[in-house]
Structure formats: structure tokens, C-alpha cells
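Please keep the sequence and the three-dimensional view at hand while reading.

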Amino acid sequence: MLGRTLREVSVALKQGQITPTELCQKCLSLIKKTKFLNAYITVSEEVALKQAEESEERYKKGHSLGELDGIPVAVKDNFSTTGIKTTCASNMLKGYVPPYNATVVQKLLDQGALLMGKTNLDEFAMGSGSTDGVFGPVKNPWSYSKQYREKRKQKPHDENEDTNWLITGGSSGGSAAAVSAFTCFAALGSDTGGSTRNPAGLCGVVGLKPTYGLVSRYGLIPLVNSMDVPGILTRCVDDAATVLGVLAGHDCKDSTTVQDPVKSFILPSLTDVSKLCIGIPKEYLVPELSSEVQSLWSKAAKLFESEGAKVIEVSLPHTSYSIVCYHVLCTSEVASNMARFDGLEYGHRCDINVSTEAMYAATRREGFNDVVRGRILSGNFFLLKENYENYFIKAQKVRRLIANDFVNVFNSGVDVLLTPTTLSEAVPYVEFIKEDNRTRSAQGDIFTQAVNMAGLPAVSVPMALSNQGLPIGLQFIGRAFCDQQLLTVAKWFEKQVQFPVIQLQEIIGDCSSVFENDLASVSVKQ
Amino acid sequence: MAAPMLRWCCPARRWILANIDRGPRHGRGAPTGSGSSGKRGQSSVAQQLLATAQKPRKGEHQWAAVVGLEIHAQISSNSKLFSGSQVHFAAPPNSLVSFFDASLPGTLPVLNRRCVEAAVMTGLALNCHINKKSLFDRKHYFYADLPAGYQITQQRLPIAVKGSLAYSVFVGKNRNQVINKTVRIKQIQLEQDSGKSLHDDLRSQTLIDLNRAGVGLLEVVLEPDMSCGEEAATAVRELQLILQALGTSQANMAEGQLRVDANISVHHPGEPLGVRTEVKNLNSARFLAKAIDYEIQRQIEELENGGEILNETRSFDCKLGCTVPMRDKEGKQDYRFIPEPNLPPLLLYDSASLPAGADPQQVINIDQLREQLPELPSVTREKLVQQYGMLPEHSFTLLNEVGLLEFFQNVMKETRAEPKKVTSWVLNTFLGFLKQQNLAVSESPVTPSALAELLNLLDQKIISSAAAKKVFEELWRSGGKTPAQIVSEKRLELMQDQEALEELCQATMEKHPQVVMDLKKGNPRAINKLIGLVRKATLNRADPTVIKEMLERQLSS
């Protein structure tokens with residue numbers, strides 16, 4: 001039952017094959033079994049069970065609220081949740097309990113979804129590994145998959161098996177791991193430079209970054225307001241579309257959401273791609289790209305071509321400036337957004353009280369990790385009066401050029417761009433932490449970040465397993481507010497590639513009950 | 001969305017910051033985008049000499065003072081600039097605080113339409129160019145009552161620019177010579193107010209009240225076109241009247257709805273402008289004028305004694321009547337402005353550019369607001385002069401006192417007395433009594449109707465002017481009685497019995513032969529003595545002109 005997609009399980013709930021409470025308990029039990037993945041910071045068991053109970057009542061009366069009623073979901077721990085701790089994986093917000101729900105959370109709850117818990121991330125979503133949060137790194141479920149383990153057995157044995165677990169990517173690694181390990185059917189991430197798509201790619205799930213302005217940011221604790229978008233992580237493209245349908249639309253609490261009414265996101269099953277034009281940006285073929293990813297990328301392009309689509313090479317000439325430009329804009333907004341964490345109104349406060357300034361300084365030193373503090377420092381440097389023109393203004397201009405690159409390509413008749421999501425498959429934690437956060441983020445976001453600069457929709461879809469047995473995802477980028485078209489293409493692709501299901505029998509024990517569609521299977525309960 | 005969100009911290013700790021220092025605050029309402037004084041344009045008005053501050057000493061150059069103002073007016077609106085919290089003066093601390101006002105992470109600003117309309121109306125009334133596109137920016141500085149660590153303001157592109165404010169100062173011995181002046185308005189910008197810090201010296205702690213945090217402000221920047229405290233105070237008073245007429249701000253200085261910072265420098269006419277100082281937080285018109293004049297004098301003396309003026313921020317000590325430097329700690333403050341990413345550009349329309357089929361709730365039409373502008377004080381004054389033949393200075397006084405114009409107009413409605421008489425009674429007698437007892441018009445014990453009735457009695461010659469004054473005093477003292485009642489109780493009506501009066505005159509002359517002799521000898525002043533004696537005999541109930549006529553007739557007969 002847990003192996004099903006959101007839509008499948010929704011049908012099962014409707015048909016009474018399983019009750020919301022049973023489903024909730026199965027997920028809770030799996031969350032416990034996979035606790036070592038560190039995917040969740042807070043498990044909201046009581047809340048979820050109560051919501052399940054209410055959902056069950058509705059199903060009994062035949063008044064279900066829709067496709068999400070009774071569906072276990074998880075939410076990245078940088079979305080505000082009423083009465084549930086929202087930490088941003090930071091000492092600064094440890095123990096902070098928001099008094100309100102983020103709009104996207106409220107929308108999920110209004111549809112009857114069950115909130116299983118809050119997922120782990122890099123502190124304040126600053127990172128691309130989900131390794132830099134105060135609650136420790138998230139482990140990629142694929143580290144424990146049958147597919148990966150079998151490949152590893154063929155290689156010389158490592159000294160210490162336990163230290164060789166893989167990162168999830170980030171910063172929404174907790175959400176990606178939660179979906180990948182079957183502990184929920186959909187999860188919210190956030191995406192500022194690739195934070196949803198990157199871990200989706202490395203964890204073998206679908207990761208959607210909707211068009212900026214389509215989904216409300218109210219209640220999402222910001223990283224870069226002008227680039228942040230709530231992301232959606234699911235096990236298939238259709239599920240992402242279903243969740244997007246619930247989340248999208250104007251929010252009077254977020255002035256940057258579009259006023260126009262939102263159309264449906266139900267995806268047609270594309271049978272003919274011959275009218276499609278797929279663009280392959282040549283600048284995305286970088287030396288650091290692993291040969292395996294590169295060959296899958298070509299394979300995907302050929303797949304479209306062989307089915308009649310027009311596949312052309314396109315140019316996004318300002319791509320190489322994206323990383324440095326992002327660095328300036330991101331850190332500047334971070335410096336501004338983080339100014340509110342002063343220990344006065346909420347969150348951590350130090351014991352020093354000799355002066356207000358000393359209190360601020362110590363509170364912020366204790367509350368933020370090096371990465372956050374480093375970005376605040378750089379951002380404030382870029383915003384200084386004497387630097388503003390040379391850094392911030394220039395970066396804004398470059399941002400416009402990068403956005404225009406996409407406009408030009410789409411104006412030339414391209415419907416969707418096809419690119420890699422990441423440079424390679426997931427790497428072991430011990431490898432990953434050899435580089436500093438900034439370098440890692442720059443590498444991790446290389447294919448994803450320009451999309452945020454331009455506000456476009458993009459989705460990472462898992463394509464195949466690498467030689468090591470690890471997932472590799474590819475990214476589709478669409479026109480602004482053409483999220484449905486983008487997902488329709490992604491859905492066609494997903495169907496063609498038939499990405500294998502993760503086999504987690506080793507860590508979640510006898511999985512016969514987990515994956516079978518057996519009506520009464522509740523044996524996963526502890 | 002009020003206080004109940006305080007649940008995440010224990011009550012005892014709410015907003016309390018123990019043992020913090022009380023250093024000066026930086027940047028409260030500081031000018032945006034203002035550089036050094038040298039950047040300011042030189043104005044012709046600035047050349048004007050200031051009588052009090054610029055008396056040239058022997059062999060010295062003359063000095064000219066240059067004064068610019070930054071005025072923060074709290075917008076009169078039901079809710080705050082970017083949140084739904086209500087706006088009330090003197091509400092219980094932290095009772096009007098939304099999640100946004102407390103800067104809870106993840107909250108976003110939503111612009112209040114009313115505040116935008118208030119800014120546009122104020123801009124129009126001050127002859128500004130209204131920018132159809134304006135932008136919001138964040139201005140950063142750390143302060144305990146600035147929860148987000150930044151203030152949302154309009155640094156790059158404010159909502160209104162390039163306006164002017166006309167005002168009049170009165171000069172001459174009797175201050176009845178009108179000089180019309182104009183000060184240019186650089187810009188009007190929308191911005192957030194901060195909270196309030198309440199310092200508890202006994203327990204050496206600071207308490208924060210966020211009720212005011214996020215209230216909409218209009219920052220009106222007046223160019224340095226003024227040259228003394230009185231000019232500045234008069235310009236501010238005129239602005240205050242305009243804001244009140246528009247209803248865009250209550251503009252009550254005592255309640256902090258109007259706060260003024262002054263930029264002051266002195267120089268020799270024809271030479272570059274001097275280094276300026278900024279005097280902050282001037283909370284009454286009187287202190288504003290005093291502070292500016294003091295500061296001008298101080299700068300002149302400083303320069304004449306070979307000193308130099310520092311580009312510093314000073315505050316006015318109203319007890320000592322002088323300005324003192326605010327301890328500037330770290331020196332230069334960099335506000336690290338950044339565009340506010342959560343607010344799209346603010347777009348305004350006029351009837352020509354209004355998009356077809358636009359939702360009226362979502363757009364603001366400048367032309368429509370222009371049509372709705374109420375009568376401005378300058379027009380009201382002109383009408384008074386035209387309609388009642390009033391002296392211009394009287395029309396100013398009528399408008400300058402809160403409620404006085406309305407009082408005057410209500411008296412006019414109910415009396416047959418001449419407008420000049422009414423004006424004189426309202427401005428001299430009535431206002432005199434108010435001033436003496438330090439009362440507002442609304443606190444007056446005498447109603448407009450009572451004064452109107454009193455003036456009718458006077459107009460009909462039922463009472464004398466002197467008696468009228470007595471009746472007024474009585475009205476003031478014992479509210480509730482009508483003038484007619486007082487007149488009859490105190491027997492103040494004029495003697496209507498001519499024969500009796502004739503007899504009194506006769507009797508008085510007989511009793512004072514010496515005075516009559518003086519008069520006959522050619523001392524014309526002696527008749528006044530007789531008039532006085534007769535009036536006394538009538539208990540002041542006779543018209544002295546009538547008495548005089550009778551006496552003269554009797555003497556010559």
C-alpha cells in the first residue's frame with residue numbers, strides 16, 4: 001500500500017481498501033523504522049492520528065474532501081505550522097512554535113491531508129546536501145537499497161560500511177528522503193536555487209519547482225524572497241500535478257502571487273510528442289558533468305527525437321555568470337532577512353545582557369551556524385553604500401540577462417528545455433564534506449539555479465539508475481506559468497523511462513506487507 | 001490578529017530586555033538618500049536675513065541660516081501600513097500587534113490601500129507630481145523596537161515628488177504685515193513607523209511596545225528654503241492644517257502623530273552652504289522654532305569663535321532650551337538599502353491610463369482622488385476674508401486654533417451681529433479667555449449659541465458693551481444660564497427710561513458743582529468725570545454716549 005502513488009492510494013481510500021488511520025499508522029511505523037535516515041526533525045504523530053480520525057469520519061459519511069483527504073504528507077521544517085515546532089534546522093529557532101500555518105500547509109490541511117511531521121534541511125535552507133543543519137545530516141535511503149548494496153558487493157569491501165552512506169542533496173533532503181522511503185506520499189520542499197529538484201534527483205523522486213508567483217510563500221521562512229518557491233516532492237509526476245492543483249493560486253497574504261485564476265493541473269496522457277520542440281542548452285554541457293549523467297541526458301534527447309519531437313541545441317549565453325550572480329543576490333537578501341533574528345521577539349536569546357548590541361551579537365553568534373553567518377557577512381558587504389553599485393546592481397542586471405536568455409529561447413519556439421538536474425549521482429557523506437558549503441552549493445545548483453533567477457517552472461524526473469545503482473534525474477524547464485505543459489511532457493517522459501522502485505527490504509524488514517496491495521495488511525505496525 | 005500570538009515565549013519575558021544600555025538611536029526617521037550638506041541646492045529664500053540670529057557685529061560678515069525639515073506624519077487609517085492590526089493611540093501595550101508587526105518569520109507585507117490614498121491626496125494638496133510607479137525599499141538598522149531589523153520605506157522612487165507648500169509669516173510692529181512664502185517639497189514617501197521603547201531606569205530595563213510598529217507614515221521632506229525657527233514653525237503649522245483638512249493625518253504633535261526633524265546650517269550669503277546639523281524629535285511647534293533659532297545662534301557663535309560645525313545629530317532639551325549632541329557612537333551608519341522583494345511596484349492610474357475593466361478595488365485613480373479633495377485651508381481663509389471682510393491675520397488665527405473656525409461659523413449662524421463684531425469677540429474675548437485658562441475650544445464653557453445670543457443683546461442695544469463683558473464672564477463662570485437670564489438676574493440691561501436718566505444727570509451735576517465749574521472753565525476732560533459718575537449711579541446700565549449727550553444738553557440749556 002505504501003509503495004503506491006498518491007493517486008493510487010487515494011483511490012484505495014475511496015474504495016475503502018484501507019482507512020486513513022491504518023494508512024497513517026503504517027507511515028508512522030515506517031518513520032520510526034527509518035529514523036536513522038534523519039529525514040524528520042519533528043514527527044507530529046498525535047496531530048496526524050487526529051487528522052486521520054477526522055478524515056475517516058468524512059470517508060464514512062461519504063464526504064471526503066478530495067484526492068488529498070487522508071493522505072500522509074510531510075513538510076519541510078522551514079514552513080510555519082501552527083502549534084508544531086518550526087526550526088529551520090537552526091539553533092536560532094529551536095523550540096520556536098509558530099502561531100500560524102503557512103498558506104501551503106493550510107491548503108493541504110484544508111484538503112484533509114495528514115501532517116506526518118517536519119522534515120530536515122540545511123540550516124535556513126542554505127546548502128545542497130542537507131548536511132548542514134543543527135540536527136545532523138539526512139541519509140539518502142538509496143544508501144540502503146538493494147539496488148545500491150548489490151552493486152557495492154561487487155566492489156572491494158570498504159573499511160567501514162556505516163560511514164559510506166550517501167547524502168540526499170539539498171536543502172530539502174529530508175522531504176526527498178521522506179518520500180523516497182515511503183514515509184509519506186508527498187512532501188513540501190522549498191526551492192531557491194534548486195533545493196527541491198536537487199535532492200529529488202539524488203533520491204529518485206519527482207521534484208517540482210512551480211513558476212514564481214503561482215504558489216504562495218506566506219509562512220515559508222525566506223531564504224531569497226525573490227527566488228523562493230514552495231516545491232513539491234512526490235513519487236510520480238501526476239502526484240506532483242495533483243498537489244500543485246491544491247497549492248496554486250492567488251493568496252491575499254502574498255502580494256507576489258498572481259491574481260489570475262489558476263487553471264486545472266490535471267495532466268493529459270500525451271501520446272504524440274511530434275509537435276513538441278525540446279531545447280538542449282549547450283552551456284549545460286560542463287566539464288564537471290559525469291559521463292554517466294551526460295550519456296543519460298543524450299539518451300533522453302534521443303528518446304524524444306525518436307518519438308518525433310523536434311530536439312534542438314539552444315544557447316543560454318549568460319549561464320556561466322549565474323553562480324556568482326546568485327551568490328551576490330542570495331547573500332544580500334539573506335543579510336536582510338536574517339536581521340529579524342535578534343533574540344527579542346522569538347527564538348534563541350543569549351544570556352548576555354550588558355548592552356543591547358552585545359545581546360544581539362551573542363544571540364546571533366550562538367544562533368546561526370558558520371554558513372548562515374558567512375552569508376550574512378557577505379550580503380552586508382555587498383549592500384554597503386560604496387559596494388551597492390558594483391555588486392548588487394550589477395548582479396541584478398546579470399539576473400535580467402539570464403532571465404532574458406530563457407525568454408529568447410522560448411520565443412524561438414522551444415516548448416521545454418531538457419537538462420541534467422545534478423552533475424552526478426549522490427555521493428557519500430564523507431566525500432561531500434571535503435568541500436566547504438559554498439563550493440558544494442555552487443556545484444550542486446549549477447543546472448537548477450538559473451531557473452530561479454528567471455522564475456520559471458522546472459521539474460526533476462528520475463530517469464534511471466547509475467552503474468552504482470543510484471538514481472539519476474533529468475530536469476525539464478518550462479515557460480513561465482506553463483507548469484501544466486511542463487508536467488505533461490515530464491509525465492510522458494516518466495512513462496517512457498520506467499524508473500525502478502527503490503528496494504528497501506533490508507531496512508524496513510519484511511516488506512511484503514509494505515508493497516503489496518493487500519487490503520487488510522497492517523502488519524507494519526509496531 | 002492581535003496579541004494572542006505571544007504564546008511562544010513565557011509571559012514574564014515578553015518584550016522585556018533586561019539591563020540594556022540606552023545609547024542614542026541611529027537613523028530614526030533619518031533622511032533617505034541625503035548626503036552631506038554640500039549637495040543641497042542653494043535657495044533664494046535662504047539668503048534672507050534673520051533678524052534675531054543675524055545681527056551683524058561690527059566688522060563681521062552677515063550670516064544667513066538655511067533650514068530644511070523632514071516631517072513624519074502618521075497616517076490616519078484604521079489599520080497599519082502592511083498589516084491588518086488596528087491603529088489606536090494609547091491602547092494597552094502590545095495589544096495591536098499582528099504576526100507581521102512582530103516580524104514573525106515567514107510573514108509578508110500587504111499594502112494598505114487607505115495609506116496609499118492618503119499619500120496621493122497629500123501629494124496632490126501639496127502640488128506634487130504623483131509617481132505612477134513607486135517602489136518600496138528596506139532600510140536596515142538594529143534597534144529594539146524595530147522588530148524586522150529594517151524599516152520598509154521608499155528610498156529609490158517615492159510616491160510623490162517636487163511639490164510646494166505656501167505659508168505666510170506676519171511681520172511688523174503689530175504683526176499685521178503678511179509675507180507670503182513658499183517652501184519646495186522634495187518628496188513624500190510612504191514608510192513604516194517603529195515601535196516604542198520604554199526605559200525603566202529603576203530596574204534598568206527596557207520594555208518594548210509594538211503597537212506603533214508598522215503604522216503608516218508619510219515622510220514629507222521640505223527643501224532647505226527656510227531661514228529661521230518661525231518660518232519653519234509656520235510652514236509646519238500650515239502643513240498640519242492641510243493634513244487635518246485632508247483627514248490624512250490627525251497631525252497632533254503632542255500625540256506624536258507629527259514629528260519634525262530639522263536640518264540647520266549657517267553661511268555667509270554668496271558663499272557655499274555650511275556644514276549642517278540635524279535636530280531631532282521636535283514635538284511641538286514652539287520647541288521647533290526655539291530649537292532652530294538656538295541652533296542657528298549656536299552655529300554662528302561657534303564659527304565666530306573659530307570653531308567648526310560637525311555634521312552631527314542633536315536633540316533639543318526643552319527644559320534648558322538648548323540643543324545637545326546625541327551621543328553618536330559608531331559614527332557612520334550605513335542603512336544597506338535593498339529593494340523590498342515582497343512588494344511589487346506600486347502602480348497608480350489616472351482616468352486616461354486606467355485599464356479597461358479594472359477592478360476598482362485593485363486600482364487607485366489619481367484623478368478621482370483629486371476630485372474628492374476637500375477645501376484646503378488657504379481657500380477657507382480667502383473665503384473668510386471675502387465673505388466677512390475679515391483681516392487676513394484674523395483668518396489665520398481662526399484656522400490656527402483647533403475648532404475655532406467652526407465655533408466662529410456656528411456663532412455667525414445664530415447672530416444678527418456684524419461679522420466684524422463677531423470676529424472681534426471670538427478672537428479677542430473668547431480666545432483670550434481660552435488662552436488664559438489654557439483650554440481648547442472644545443473645552444470652552446461658553447457655547448456658540450450662548451455667545452450668539454449675547455451678541456444679539458448687544459446688537460439690539462439691550463445691554464452695553466461693558467455689560468456684555470460682564471455677561472460673558474458670568475457665562476464662563478457658571479455655564480448653564482442663558483445670557484438673557486444673567487442680564488435680568490444681574491439687572492444689566494441698559495436703562496430705557498430716558499426721564500430717569502435725565503434726572504440722574506441733573507442730580508449728579510448738582511452734587512458736583514466743582515466739576516461743572518471746571519467744565520465751564522474750559523476743561524473738556526471734566527465731562528468724562530461726570531459721565532463716569534452718572535454711569536456709576538446707573539450701575540453701568542446706561543450707554544455713555546447717551547449720557548454725554550444729555551449732560552451736554554443740560555449744560556448748554
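## Salt bridges inside the chains

Both A:Asp132 and A:Arg440 are buried, and in this predicted model the two residues form a salt bridge in which the closest N and O atoms are 3.6 Å apart. Because A:Asp132 sits in the loop between S3 and H5 of chain A while A:Arg440 belongs to helix H15 (residues 437-444) of chain A, the pair ties together parts that are 308 residues apart in sequence.

The side chains of B:Arg138 and B:Glu340 meet in a salt bridge with an N to O distance of 2.7 Å. B:Arg138 lies in strand S5 (residues 137-140) of chain B and B:Glu340 in the loop between strand S16 (338-339) and strand S17 (346-347) of chain B, so this pair ties together parts that are 202 residues apart in sequence. Both B:Arg138 and B:Glu340 are buried. Another salt bridge joins B:Lys181 and B:Glu231, whose closest N and O atoms are 3.2 Å apart; this pair links distant parts of the chain, with B:Lys181 in strand S8 (residues 177-192) of chain B and B:Glu231 in helix H2 (residues 229-246) of chain B, 50 residues apart. Both B:Lys181 and B:Glu231 are buried.

| Salt bridge | N to O distance |
|---|---|
| A:Asp132 and A:Arg440 | 3.6 Å |
| B:Arg138 and B:Glu340 | 2.7 Å |
| B:Lys181 and B:Glu231 | 3.2 Å |

Over all chains, the count comes to 37 salt bridges.

## The annotated site in chain A

Which residues does the UniProt annotation "active site" cover? The unreviewed entry lists A:Lys76, A:Ser171 and A:Ser195. These residues span 120 residues in sequence, yet no two of their C-alpha atoms are more than 11.0 Å apart, so they gather at one spot.

A:Lys76 lies in strand S2 (residues 72-76) of chain A, and A:Lys76 is buried, with a relative accessible area of 0%. Leaving aside its neighbours within four places in sequence, A:Lys76 is in contact with several residues, among them A:Lys118, A:Thr119, A:Ser171, A:Ser190 and A:Ser195.

A:Ser195 is placed in the loop between strand S4 (186-191) and helix H7 (197-203) of chain A, and with a relative accessibility of 5% A:Ser195 also counts as buried. Beyond its neighbours within four places in sequence, the contacts of A:Ser195 include A:Lys76, A:Gly127, A:Gly170 and A:Ser171. The side chains of A:Ser195 and A:Ser171 are joined by a polar contact of 2.9 Å.

A:Ser171 itself is found in the loop between helix H5 (146-153) and helix H6 (173-180) of chain A, and the peptide bond that joins A:Gly170 to A:Ser171 is cis, with omega of about 10°.

Two residues of chain A have a positive phi although they are not glycines: A:Ser130, at about 55°, and A:Gln498, at about 50°. A:Ser130 lies in the loop between strand S3 (114-119) and H5 of chain A, whereas A:Gln498 lies in the loop between helix H17 (483-497) and helix H18 (505-508) of chain A. Are these residues buried or exposed? A:Ser130 counts as buried at 0% relative accessibility, while A:Gln498 is exposed, with a relative accessible area of 58%.

## Domain record and chain B

For "domain: Amidase", the unreviewed UniProt entry lists residues 25-145 and 167-487 of chain A. The span 25-145 is 28% helix and 12% strand, and its end C-alpha atoms lie 23 Å apart; the span 167-487 is 42% helix and 14% strand, with end C-alpha atoms 27 Å apart.

Chain B contains 15 helices and 17 strands, and buried residues make up 54% of its 557 residues. Among contacts in chain B between residues at least 6 apart in sequence, 71% join residues at least 24 apart.

## Where the two chains meet

The contact between the chains takes 51 residues from chain A and 43 residues from chain B. Together, chain A and chain B bury about 3900 Å² between them, with 54% of that area on carbon and sulfur atoms. Zero salt bridges are found across this interface, but 16 residue pairs are in polar contact between chain A and chain B. On the side of chain A that touches chain B, the elements giving two or more residues are helix H10 (322-337), helix H11 (356-367), helix H12 (370-383) and helix H13 (385-411) of chain A. By class, that side has 22 nonpolar, 17 polar and twelve charged residues.

Technical notes. Residues are numbered from 1 along each chain as its sequence is written. Chains are lettered from A and ligands numbered from 1 in the order in which they are written. This is a predicted model: local features need pLDDT of at least 70, side-chain atom pairs count only at pLDDT 80 or more; totals for chains, interfaces and linings use all residues. Side-chain values use heavy atoms; hydrogens and water are left out. UniProt positions are given in the numbering used here, feature names are shortened, and annotations may be inferred rather than shown by experiment. Helices (H or I, at least four residues) and strands (E, at least two) are DSSP runs, numbered from the N terminus. Contact means heavy atoms within 4.5 Å. Buried area is the accessible area (1.4 Å probe) that two parts lose on being put together, summed over both. A salt bridge is a side-chain nitrogen of Lys or Arg within 4 Å of a carboxyl oxygen of Asp or Glu. A polar contact is a pair of N or O atoms within 3.5 Å; within protein, one must be able to donate a hydrogen and the other to accept it, and residues adjacent in sequence count only if both atoms are side-chain atoms. Ala, Val, Leu, Ile, Met, Phe, Trp, Tyr, Cys and Pro count as nonpolar, Asp, Glu, Lys and Arg as charged, and the others, Gly among them, as polar. Buried means under 20% relative accessible area, exposed over 50%, partly exposed in between (1.4 Å probe, protein chains only).
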